[in-house]
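This report describes how two chains are built and how they meet. Please keep the sequence and the model at hand while reading.

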Amino acid sequence: MFALGFPKAFRYSRPESLEEALEELEEGEAVPLAGGQSLIPMMKLRVLEVKGLVDLNDLEELRGVREVEGEVRIGALETHNEVATNQTLRREFPSLSASAWEIADLQVRNRGTIGGSIANADPSSNYLPVLMTLDAEVVIVGKGERRERLEEFVRGPYTTSLRRGELVKEVVLRKENRRTGFALARRGGSSYPIAVVAVSMSLEDGVVTSSKLAIGGISERPVSFKDFLVGKGLGEVKEEEVLKAIDPLLEEVGVIEDVHGGKEYKLKVAKRLVVEAVKEVARPPPVKEMETHWRNGRRLGPSTRHVVKVKVNGTWLEGEVESRKLLVDFLRERGFTEVKRGCDEGKCGACTVLVNGRAVKSCNVFAVQADNQEVTTIRGLVKGEGLNYLQRAFLESYAMQCGFCTHGFMMVTHDYLDNVDPEAKDETLVHCVKNVCRCTGYVQIIKAIRTASRELREKGVHYGVT
Amino acid sequence: MVHYLEGLRAVKGEGEYIHDLPSPPGTLYMAIYRSYVPHGRIKRVDVSDVVRKGGIAYTNEDLLKLVKAPFPLALPVKVEYYPVAKGKVRFVGEPLAVVLAEDPYRAVDLLEYVNAEIEELPPVTNAQEALKGKALVHEELGTNVVMRRHMEFGDVERAFKDCDVVVRKDFKVAKHSALPLETYGIITRFGEELDVIANVQGPMLQAYYVAKALGLPESKVRIRSPRDIGGSFGVKYSLYPYIVLTAVASKLSGRPVRWTESRTESFLASSSNADREGYVELGSTRDGRIRAVKYNFLEDVGAYPRPPEPGALFRVQGNLNGAYDVRNIEAEYTVVVTNKSPTGLNRGYGSPQFYFALETAVDELAKELGLDPLELRKRNLITSFDKVVQGYPFYETATGGLYPKQDYAKVVQLLEEEYKRARREEGMGVGVSIVIEPSVTNLGYVDLAVEGEKRRHKHSPSGEYVTLSLNYDGSLSVFVNSTNEGLGHETVVAEVVAREFHVDPSQVKVEYKVDTSHPWALSSGSYSSRFAPLVVSGVIKACDALKERLADLAKRYLEGEVKFVEGKFVDEKGRSVDLKTLASSFHWDPYSFPGNLTVTVFYHSDLLYPANGDKVNSSLGYSIQGHLAVVKVDPLTHDVKVKRYVVIHDVGKVLKEELLDGVMYGSVIQGLAEALYERLEYDPNGNPLVTTFDAYETPTLAEVVGMEITLKHLEGEVKFLPSGALGAGEGPIMGVLATLANAVSDALKRRVNQVPMR
């Protein structure tokens with residue numbers, strides 16, 4: 001059977017406390033739901049079948065970044081955008097910030113979490129190589145609490161040491177003065193990375209005294225190497241020397257060949273990235289701190305159906321839905337047909353709406369997750385008859401042809417300009433607005449985003465008709 | 001505010017797309033159970049478990065009972081192409097059964113209860129395997145070859161013999177889909193009559209195929225499209241098998257049936273171009289005069305030669321010499337079937353593959369001759385247009401094409417300026433190509449699949465109906481039986497009519513959608529860049545006809561000869577009557593003002609006639625396009641970054657520059673995607689590897705930020721068309737593959753022979 005974009009039925013619950021969540025996970029056949037940005041697509045593609053989901057998003061215990069005795073503890077529910085922009089993490093672990101920032105797109109980073117990501121243990125995860133080079137540890141809660149080195153926690157592709165009834169609670173990093181690098185390559189922008197490389201090095205007078213290099217994406221499990229380039233002066237080290245040093249290490253790696261490339265190509269890409277990661281110091285994204293809030297504040301016991309209440313464009317809509325009903329379908333069935341469905345994998349972004357003011361792919365969240373929250377489409381951003389700044393910019397730039405992707409683009413652009421980078425600089429744009437358009441070649445869309453940015457900055461008013 | 005009707009609907013979220021239309025009461029949602037093996041004999045399809053679970057389901061055998069005949073093919077071979085598998089499955093994704101339920105989630109759930117037993121057969125997974133014929137996709141043919149055509153124009157053998165230099169250049173172009181973001185959607189009611197709403201890209205042959213398969217007279221078939229279609233690029237031509245599926249499901253269930261294709265299904269089984277491989281031979285004199293060209297193409301059309309295939313080979317029949325004055329041309333085409341999804345229309349229909357083959361071979365010849373690639377092109381460019389047809393100057397190609405007179409030298413001169421300026425640093429490469437862009441298909445070219453003497457009928461459909469009315473209040477209404485997939489057709493028609501009648505565009509209501517209850521032609525639809533040259537010419541003809549009728553009415557107010565000046569009819573004495581008065585007089589008092597203020601015209605150009613032997617004027621317009629690309633290639637990984645792209649072309653009058661620019665930017669990037677990333681790949685066992693955007697490696701704006709694209713439009717006069725405009729909808733994709741390959745070859749100092757380049 002082929003994927004048709006609808007998950008199978010499951011029981012959904014939303015506990016109020018960690019204790020309650022652990023009980024539900026222990027008793028039933030449920031799995032935890034954090035950001036869901038990998039889990040939900042897998043359910044829609046029916047690669048994964050689950051009997052129940054325990055939504056963790058109301059658990060404040062799993063939130064926050066804390067500094068404790070020379071350690072930094074990152075709550076499992078910190079979203080990728082929070083990890084990318086958190087002040088402490090930027091300062092102490094720039095490669096971690098950089099890796100979080102290059103995950104998928106703005107919408108996925110708004111929902112996806114660091115705990116969810118490492119528990120998923122995708123071989124091409126951005127985080128794993130970085131966390132390996134930072135000697136990260138994972139705090140796991142279940143009947144008790146245990147702490148495990150990340151390298152041991154990740155067992156293989158999509159496999160970890162997590163047992164039934166357990167959760168990732170925190171990721172723990174030790175503060176150390178290291179130079180870190182991060183580099184990633186993907187082919188066409190919609191694809192997963194071919195290779196992800198991270199490096200951390202301790203230096204004395206510019207000479208590497210200890211180091212760790214990790215490469216993800218090319219093998220079943222990211223690989224790490226100690227003491228890479230030890231004894232070399234980083235200032236003078238030449239590209240050829242780095243390549244020479246990496247060659248023998250890569251010989252041992254079992255490379256997975258897939259649609260993105262064969263062994264030879266993937267190894268070349270990995271080498272290119274090693275050079276980049278060594279030469280360039282990792283830089284956190286040039287944006288201010290971001291925070292996302294997905295707490296629903298309403299406990300729900302496990303059930304395949306729930307009564308939900310969602311505020312859409314200012315009006316509360318109430319109804320009973322199947323737990324598996326995707327927000328995109330919930331909205332479209334109620335007449336919000338500007339929200340489109342363009343793919344089954346949560347990639348294209350045509351379904352993007354604002355949830356609590358942040359861009360979210362409505363095909364990548366369940367309607368029940370939007371319970372007690374505010375959803376906004378373009379119609380909710382317009383007061384009266386005229387067009388708002390985004391609509392004007394898109395129209396006047398002729399930023400559409402068939403118009404099918406337009407709404408999703410306007411929604412993600414709104415979040416991008418509002419919360420990320422009002423100046424719409426190239427370096428932020430390419431990591432944020434990654435919706436798919438098949439008609440325009442993006443040229444006039446880029447123009448529209450810049451036009452909207454200019455108007456926003458010059459007039460300073462973007463809400464409602466200006 | 002700008003005048004852009006479709007854009008306004010898009011930013012307000014008010015577009016009306018197929019998936020947005022409400023379902024009629026009692027509608028059942030259809031989900032399709034598809035073959036999971038590439039090739040096999042169907043032992044059993046059992047849907048009884050679905051029924052036990054309270055669902056409705058039909059097996060292939062149930063469905064086939066109501067299908068009266070296989071679809072008519074363009075090839076005279078005994079292949080039976082039905083909307084569901086019959087006897088065998090021939091590709092992964094071929095429909096085997098359907099399930100109906102009240103809710104789409106439930107329909108998908110019920111698919112799990114379909115049981116199919118298939119005895120696997122060895123698959124034919126590529127064209128070379130197909131030629132070997134160890135396994136046969138259609139046993140009854142005794143071969144996997146469904147067409148061989150050999151064509152010769154001029155004296156090719158002699159010309160090659162006389163050449164100082166002959167180069168042969170091999171090439172491969174992968175299976176690719178332009179993949180519109182909106183998937184297929186159909187809502188069907190089949191009672192006494194068949195009523196279909198679907199996002200087809202025109203009524204064209206859809207109605208014909210559907211009526212044939214169901215054994216219905218045309219009078220019992222109605223096909224409509226919604227107002228907006230979320231992209232098509234040719235892909236939405238291949239909806240007709242699914243229309244028949246929904247029709248049969250509706251008949252069997254007695255309920256309206258709705259089907260929405262999923263993205264995964266669109267990757268598996270919608271439409272794509274064929275995998276094509278082969279070679280080009282070019283013969284030239286030592287000083288670079290190309291005297292002869294030979295094409296050898298091997299085309300893999302997948303499991304069935306789905307009509308209009310193998311038309312992709314013949315779409316360029318009139319322009320097989322490209323932009324060059326070459327009179328000796330040989331073409332040898334072989335079409336095979338394999339266990340992959342059937343191919344069909346895809347942006348540029350055959351042209352990107354064709355120009356990839358030709359224009360990379362021209363670079364190879366330049367290298368052989370030690371000539372600059374652009375210089376070689378200049379030496380062979382067509383310079384004289386001395387064939388006069390119906391009073392207009394053309395260059396008549398050896399294969400029957402009529403290139404209208406254009407300033408080719410000017411385009412090349414501008415290209416040369418860019419070429420000289422292009423940055424050539426370490427690791428960078430510069431590539432050029434010159435293509436002749438065909439527009440407005442003469443469907444008669446499909447006949448070339450059959451040798452001349454074996455053809456039973458002549459064909460030349462290419463025209464369009466336009467209906468225009470003057471309403472009682474002086475506003476105007478236009479209806480065209482075609483589709484609006486984002487090319488701004490409503491906007492442009494409104495502006496053209498407004499200009500003709502000297503009214504504001506807001507006074508013109510344009511309906512640009514399919515409804516076979518209104519006049520339509522077999523050629524009606526949006527494809528082959530036919531809007532600007534043909535439809536707009538039809539609109540202008542309709543305006544002329546309506547003005548003539550209005551002039552008759554105006555004579556009741558005026559005396560002697562009347563002329564239409566700035567929205568009014570004026571007589572010799574300077575008295576005038578305006579449009580609104582005439583409209584009102586006729587509508588409110590037809591007794592005193594008899595007439596008819598609705599006109600329907602059929603516009604068809606006499607330049608498009610049936611094929612004569614292997615010669616055919618396959619398109620109405622041919623326009624020159626010069627391409628230049630500057631790329632940077634990573635020396636280690638060979639990953640390509642396109643720094644700059646230039647297209648200089650002459651499509652005659654530009655009807656609306658912003659829309660033309662948009663279409664061209666989009667076409668450049670679609671070409672870039674095809675050249676560098678996207679490919680519908682299968683594994684060696686015939687299983688599709690690409691069912692997601694991730695695997696397809698679709699570009700996002702990240703690949704475009706920082707890339708400089710320059711477009712230059714020359715607006716040469718086109719007198720033989722009332723619109724004065726040649727086609728541009730398919731745009732630069734025809735040259736992008738070759739240009740990028742030439743640029744990357746330049747950077748790597750070795751020739752790139754295939755796309756996508758990996």
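Predicted model: local features only at pLDDT ≥ 70, side-chain atom pairs only at ≥ 80, totals over all residues.

**Chain A and its domains**

Chain A is divided into three stretches of sequence, of which domain 1 is made of two separate segments, 11-58 and 295-375, while domain 2 covers 68-279 and domain 3 covers 377-459. Taken over C-alpha atoms, the centres of domain 1 of chain A and domain 2 of chain A are separated by 29 Å. Their contact takes 21 residues from domain 1 of chain A and 21 residues from domain 2 of chain A. On the side of domain 1 of chain A that touches domain 2 of chain A, helix α1 (18-27) and strand β19 (358-361) of chain A each supply at least two residues.

The UniProt record, an unreviewed entry, carries the annotation "domain: FAD-binding PCMH-type" for residues 5-178 of chain A. Over residues 5-178 of chain A, the chain is 34% helix and 25% strand, with end C-alpha atoms that lie 44 Å apart.

**The contact between chain A and chain B**

The contact between the chains takes 63 residues from chain A and 71 residues from chain B. Several helices of chain A each supply at least two residues of the side that touches chain B, namely α11 (263-279), α13 (389-396), α14 (406-420), α15 (426-432) and α16 (443-459). The largest share of that side, 5 residues, comes from α11(A).

| Side | Nonpolar | Polar | Charged |
|---|---|---|---|
| Side of chain A that touches chain B | 31 nonpolar residues | 17 polar residues | 15 charged residues |
| Side of domain 1 of chain A that touches domain 2 of chain A | 9 nonpolar residues | 8 polar residues | 4 charged residues |

**Chain B as a whole**

What radius of gyration does chain B have, and what would a compact globule with 758 residues have? Chain B has 27 Å, which agrees with the value near 27 Å for a compact globule with 758 residues. Along the principal axes, the C-alpha atoms of chain B fill a box of roughly 80 × 75 × 55 Å. There are 19 helices and 30 strands in chain B, and buried residues make up 61% of its 758 residues. Among contacts in chain B between residues at least 6 apart in sequence, 81% join residues at least 24 apart.

Note on methods: Residues numbered from 1 in each chain as written. Chains lettered and ligands numbered in written order. Contact = placed C-beta atoms within 7 Å. Helix = DSSP H or I, 4+ residues; strand = E, 2+ residues; numbered from the N terminus. Nonpolar A, V, L, I, M, F, W, Y, C, P; charged D, E, K, R; others polar. Domains from an automatic or database assignment. Rg over C-alpha atoms; globule rule 2.2 N^0.38 Å. Buried ≥ 20, exposed ≤ 12 C-beta atoms within 10 Å, placed from the backbone. UniProt positions renumbered as here; feature names shortened; annotations may be inferred.
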